[in-house]
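Here's a quick briefing for anyone opening this structure for the first time.

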There are 2 protein chains.
Amino acid sequence: MGASSLSSPSAPIGVFDSGIGGLTVVAELRRALPHERILYVGDTARVPYGGKSAETVTRYSREISDLLVSEGAKMIVVACNTASALAVPSIALDYPVPMIGVLEPGAAAAVKATRSGKIGVIGTRATIASEAYKKEIRRLNPALSVDAIACPLLVPLIEEGLLDDEITQAVLRRYLSPMLAEGIDTLVLGCTHYPLLKQAIHSICGSDIALVDSAENCALAVKELLKPNPSEDSSDSSLSDSSPRLDILLTDSSEGFLRIAEKSLGLSIDSLAVRRVGN
Amino acid sequence: MGASSLSSPSAPIGVFDSGIGGLTVVAELRRALPHERILYVGDTARVPYGGKSAETVTRYSREISDLLVSEGAKMIVVACNTASALAVPSIALDYPVPMIGVLEPGAAAAVKATRSGKIGVIGTRATIASEAYKKEIRRLNPALSVDAIACPLLVPLIEEGLLDDEITQAVLRRYLSPMLAEGIDTLVLGCTHYPLLKQAIHSICGSDIALVDSAENCALAVKELLKPNPSEDSSDSSLSDSSPRLDILLTDSSEGFLRIAEKSLGLSIDSLAVRRVGN
């Protein structure tokens, strides 16, 4: 598809995640691209993805991407590190619209941020087992050392809203202490849920460690992709004609979803519906 | 179907759960009925059920029950409290074999165990929201008081194998302290994962609180159901012809599954395969 349809303000940017984590990407997209419509799908009927196999995560990612395309999305933002690591490489070319994951922008930002050359990565079990961050960081700079650890309890703690809680602090301390002792100076938050714990992570890591937020870097990459072609006539005034919206489809009704989206991320949601996906 | 096919040792007892929790029921079935074949399905592609809606849990339960029946199961043991609470009442009569959940046996055992008349129940968010335990206990004895609390972090902690860990202790203390202060003398472990935390729960509750293990009580109910009809010829010698087996189907490959089954429950597994279910 051409750049003209990408710059169309009426077609939504499609975004998906297994649960609420991808909303951190939505919050950053809203900030970076305030005029865009966003259609978000949360696969809450099958959440979480992080402990599941590549085959299953790929099947789920295809089903959700099919839905986004059928709803007219002009691009697909895979706002889930597990799906970005396990599914995007094998399915991206099957779609008629661009597909962008959170992994590559995050890895690139980490490479830019480190001074000591020692980067830590935290993520789900599946993301870490895939070694996708390690490979991407090393591809960009083979001299860097990468210390990656799976943190499977963080998503449940976040989905429960325990963002500022001593139990979450104890879990974080357990996960992070070994890599802090190794001397990392940069920590990739390799799961889109984790920015919701930024404050808690900061209080454990201290201010000397750069936190690389995959949500933020993904939003910047999307903005770059949507930049109007200089040869096209696309003045700022045309953007003001668009009506920014955030529409949400969940695959199962989810009680805590709205509360966390609105309270922790300050997102205003225009519509929310439950849609069965897959079978 | 008649009692004769139920007492057939060659047809397996079908058992299902979203993940590994139902293996606590399998361990108790093995103890109570050492000669039976057991076919276990763990819906690891969609684990956990405990935060999902009744509609979704019912759909998943139907799909797994269909699979068990097509594999020749002579009965269906729903070794998941969430599915027992949300799905069994509406789907049990649709199957040609008996379906037995964990909820009613557990509620009955709690009613029998309490002296003070104050019963605590812990379970997933969905189980507790359904009030199924409260209703069943009150149906059996309207004078009893029931204090129920959702413990959504326990399943992830157990699936991670943190059975004897200070973080798990801190989480349990958080959940249990209020109902201990209320003076319960009986605590229903209303999720088949929880017996794996029996020791940790004992150390917090002390020995004065009776722990009602839904796995154990469910196995006793199954044994009762399989008891040969006195009018039939079913001597013990016929049982020795059967070959006890434990066959496992998972809907997604699951790394930690075998480790926990074998290490914590001492189960010996004869075969394990991955089978796609539903979509």
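The second largest pocket has 19 residues in its lining, and those nearest its centre are A:Ser84, A:Val88, A:Pro89, A:Leu103 and A:Glu104. Keep in mind as you look around that this is a predicted model.

- H8(A) gives the most to the lining, with four residues.
- Why does the second largest pocket lie between domain 1 and domain 2 of chain A? Both domain 1 (3-101 + 217-274) and domain 2 (104-215) give residues to its lining, so that is where the pocket sits.

**The two domains of chain A**

- Chain A is split into domain 1, which covers 3-101 + 217-274, and domain 2, which covers 104-215.
- Taken over C-alpha atoms, the centres of domain 1 and domain 2 of chain A are 22 Å apart.
- The two domains also touch: 25 residues of domain 1 of chain A are in contact with 25 residues of domain 2 of chain A.

**Salt bridges in chain A**

- How many salt bridges are there over all chains? The count is 28.
- One of them pairs A:Arg37 with A:Asp247, and their closest N and O atoms are 3.7 Å apart.
- A:Arg37 sits in the loop between helix H2 (23-32) and strand E2 (38-42) of chain A, while A:Asp247 belongs to strand E9 (residues 246-250) of chain A, so this pair ties together parts that are 210 residues apart in sequence.
- A:Asp247 also forms a salt bridge with A:Arg245, and here the closest N and O atoms are 2.6 Å apart.
- Is A:Asp247 buried or exposed? With a relative accessibility of 10%, A:Asp247 counts as buried.
- Its two partners are partly exposed: A:Arg37 has a relative accessible area of 24%, and A:Arg245 has 30%.

**A salt bridge in chain B**

- Over in chain B, B:Lys198 forms a salt bridge with B:Asp213, with 3.0 Å between the closest N and O atoms.
- That pair links distant parts of the chain, 15 residues apart: B:Lys198 is in helix H11 (residues 198-205) of chain B, and B:Asp213 is in strand E8 (residues 210-213) of chain B.
- B:Lys198 is partly exposed, at 25% relative accessible area, whereas B:Asp213 is buried, at 3%.

**Helix H2 of chain B**

- Why is helix H2 (residues 23-32) of chain B described as largely enclosed by the rest of the structure? Eight of its 10 residues are buried, so the helix is largely enclosed.
- The buried residues of H2(B) are B:Leu23, B:Thr24, B:Val25, B:Val26, B:Ala27, B:Glu28, B:Leu29 and B:Ala32.

Key: Residues numbered from 1 in each chain as written. Chains lettered and ligands numbered in written order. Predicted model: local features only at pLDDT ≥ 70, side-chain atom pairs only at ≥ 80, totals over all residues. Heavy atoms only, no water. Salt bridge = Lys/Arg side-chain N within 4 Å of Asp/Glu carboxyl O. Helix = DSSP H or I, 4+ residues; strand = E, 2+ residues; numbered from the N terminus. Buried < 20%, exposed > 50% of the residue type's maximum accessible area, 1.4 Å probe, protein only. 1 Å grid on protein atoms, 1.4 Å probe; cavity = no way out; pocket = protein on both sides within 12 Å on 5 of 7 lines; lining within 4 Å. Domains from an automatic or database assignment. Contact = heavy atoms within 4.5 Å.
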